[in-house]
Structures are given as structure tokens and as C-alpha cells.
Amino acid sequence: MGESSVKTLETPPAGAGGTASTDVSSPAMTEAGHGPGSGRGLLERLRAPRRPRIWFEVLLIAVSYWTYSLIRNAVPEQKSVALANADWIWDVENRIGIAVEESVNHAVDSVTWLIVGMNYYYATLHFVVTIGVLVWIYRFHPGRYAATRLVLFATTGVALVGYYLYPLAPPRLMNGHAFIDTVLVHHTWGSMASGNLKHMSNQYAAMPSMHIGWSLWCGLTIFAVASAPWARILGLLYPAATLVVIVATANHFWLDAVGGLLCLAFGYAVSRAWYGSLPHRLPRHPDETGPHPFSEALRSRLRSRA
């Protein structure tokens, strides 16, 4: 994949009179916060791809996931509303002819080794693969890392709005249907909302499916950036396999996956609006190597208090 260049803010050439244009202010004026170019200079510095710092990324991801889990589980478990919404989703899928989740659930459950494997797939790969892709982009494509990470964060953030506005019970919790909770039946820990772990997670936050949102993020990132054909193929197969798993284990409807896809589209839109390009079109290695403006401001504040 060819590498694109990054346009940086430079001082324009001198005009006919031998003086430079006043569109870009001097460093002294920018530092002092004066002049027409100061605000734009700071914005350009904030948006410029730069080499990530490992300590900051680990802290950011840990705090962000903790916050996400806290907010998601703090959403009221509106059981009656969630079950009513599940009935409505099931009715809609029946009307458009895609309500085959129950058949898939029963068919896969009849093959013990397959459904047990899917239970553990559901419980583990959601985190393992996502973190692995983040580490891979951080290590080998640092110029694209921040934009790629922003897609993931924006996707996850908007999903919280969905959990709050549209509580939804997963198929395995519906009343009057024959869906099988494969974790309970096979005594595995394939879902945080089943068995002894059900009190640690909001059971009625099935829409949108972040298993789909995150797996699609992984797959598209790998497909867009990897050079090896086999890696690109695996990237596309991963979200496809995840879709089968979330349905076979009765954790999601097909339409939950559509919700995850829409959240991911929002994430890409946010990233493109901020960086001016899709992540894979940014340079592999950033030109900006200096500290982030926020890091500079934090250090300055700490020094002033010392």
C-alpha cells in the first residue's frame, strides 16, 4: 500500500515586497497566544499525527475501558422495556425474513465441541484481538495509531448512548421462546451476563453489539493496512466468524450487529473529521515527533507548582 504524505503548516514564501505573509504569526506571538495564526497553529498541532507514548496509551486505554464498563453497567436494567424491545426486534426480523437466530442456536448447540469453543471465543477474543490490533498498529504504524484508536473510542462511546436509550434483552433471556443459553447448558464462562458473572454486567445492553463493532474495527484495520494477502483475508473472516458466534450463542440478534456497524461508521466519521483523512491514508510514520500539546501543558503546570 503506497504511503501518503502529510501536509504540515509551514511559513509561506515571501511576497513581492520581500516580507513574509502575516497569515502565520511568529513563534513568540503564537506562544503568547496573540496574532491571527495562534489558534490555528495549536489546532494543527493537536491534529498532527505523532508518535504515541506507551505509558500514556496504557493509561488511556485502562481508564477508558473502566469508564465504559462503569457507565454501561450503571444504565438501569429496565427488564420489562428490554424484553418488550426484544419481542419487537424478533417480530421485525420475522417480517423481513431473517429471524433464523433460534435455528442457528439449536443447530450449533447440538455439536458440543463447536458451541463450547464459541462460548470461549465470545468471552476472550473480543478483548484479545482488539488489544492485539492496537499493539500492532502502535508498533508498526505509529503515524496511523491515534486516528485508528479514535475510531475505536468514538465507536464505543456512541454505543453507550444506545445502551441508555434502547435497553434490549438478548435472545437467550426472551420469554416464550426456545433459545438456549449455551453458557448455562455447557457450564462455560462464555458470557459476562450468564451464570455467576451475570451480576457484574448489564444483561439488557444488547443493542448495539460491540462484539461486532470491535471485530469489524479489527478486520477493516487489518485489511486496510496489512500487506500480506493471508492477513487481509483473516481480517475479513474475523468479524464474519464473530457474527456467527454472537447469534449461535443467543447473545444477539442480527439487527444488533447492524447497530454495531452503524456505531463503527460513526467512529470513522469522527476520526476522518478530526484528522482530515481515514486512518490508513495517513503516513505510516509521523513527521511530528515532539511532545503532545496536552503533555506540554501538564508538565508546565506541574513545574509551576513545584
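The structure is a predicted model, in which local features need pLDDT of at least 70 and side-chain atom pairs count only at pLDDT 80 or more, whereas totals for chains, interfaces and linings use all residues. Residues are numbered from 1 along each chain as its sequence is written, and side-chain values use heavy atoms, with hydrogens and water left out.

**Overall make-up**

The protein chain has 12 helices and 0 strands; helices (H or I, at least four residues) and strands (E, at least two) are DSSP runs, numbered from the N terminus. Of the 306 residues in the protein chain, 41% are buried. Buried means under 20% relative accessible area, exposed means over 50%, and partly exposed lies in between (1.4 Å probe, protein chains only). Among contacts in the protein chain with a separation of 6 or more, 81% are accounted for by residues 24 or more positions apart, where contact means heavy atoms within 4.5 Å.

**Helix packing**

Axes are lines fitted to C-alpha atoms, for helices over the stretch in contact, and angles run from 0 to 180 degrees between N-to-C directions. Angles under 35 degrees count as roughly parallel, over 145 as roughly antiparallel, 65 to 115 as roughly perpendicular and the rest as oblique.

Helix H9 (residues 210–225) packs with helix H10 (residues 229–248) at an angle of about 170 degrees, and their axes are 7 Å apart. H9 is therefore roughly antiparallel to H10. The residues in contact include His211, Ile212, Ser215 and Phe223 of H9, together with Arg232, Tyr238, Pro239 and Leu243 of H10. By class, this contact of H9 with H10 has 11 nonpolar, 5 polar and 1 charged residues. In this scheme Ala, Val, Leu, Ile, Met, Phe, Trp, Tyr, Cys and Pro count as nonpolar, Asp, Glu, Lys and Arg as charged, and the others, Gly among them, as polar.

H6 and helix H7 (residues 142–165) pack at an angle of about 150 degrees, with axes 6 Å apart. H6 is therefore roughly antiparallel to H7. Thr130, Leu134, Ile137, Tyr138, Arg139 and Phe140 in H6 meet Pro142, Arg144, Tyr145, Thr148, Arg149 and Leu152 in H7. By class, the contact of H6 with H7 has 7 nonpolar, 2 polar and 3 charged residues.

**Aromatic pairs and charges over rings**

Rings of Phe, Tyr and Trp (its six-membered ring) pair if their centres lie within 6.5 Å; planes under 30 degrees apart count as stacked, over 60 as edge-to-face and the rest as tilted. The count comes to 6 aromatic pairs.

Phe127 counts as partly exposed at 31% relative accessibility, whereas Trp214 counts as buried at 8%. Ring pairs also join Tyr65, Phe127 and Trp214 into a cluster.

A charge sits over a ring if NZ of Lys or CZ of Arg is within 6 Å of the ring centre and within 35 degrees of the ring normal. The charged end of Arg232 sits over the ring of Phe223, 4.2 Å from its centre. That of Arg149 sits over the ring of Phe153, 6.0 Å from its centre.

**Individual residues**

Trp136, in helix H6, is partly exposed, with a relative accessible area of 24%. Leaving aside neighbours within four places in sequence, Trp136 is in contact with His141, Thr221, Ile222, Val225 and Ala226. Trp136 and Ile222 are 86 residues apart in sequence and 9.5 Å apart in space, C-alpha to C-alpha.

Leu243 lies in helix H10 and counts as partly exposed at 26% relative accessibility. Beyond its neighbours within four places in sequence, Leu243 is in contact with Ile212, Trp254 and Ala257.

**Backbone features**

Most residues other than glycine have a negative phi, and most peptide bonds are trans. A cis peptide bond, with omega about 0 degrees, joins Met207 and Pro208. Pro208 lies in the loop between helix H8 (182–186) and H9. His187, in the loop between H8 and H9, has a positive phi near 55 degrees and counts as exposed at 70% relative accessibility. Ala250, in the loop between H10 and helix H11 (254–275), has a positive phi of about 60 degrees and is buried, with a relative accessible area of 1%.
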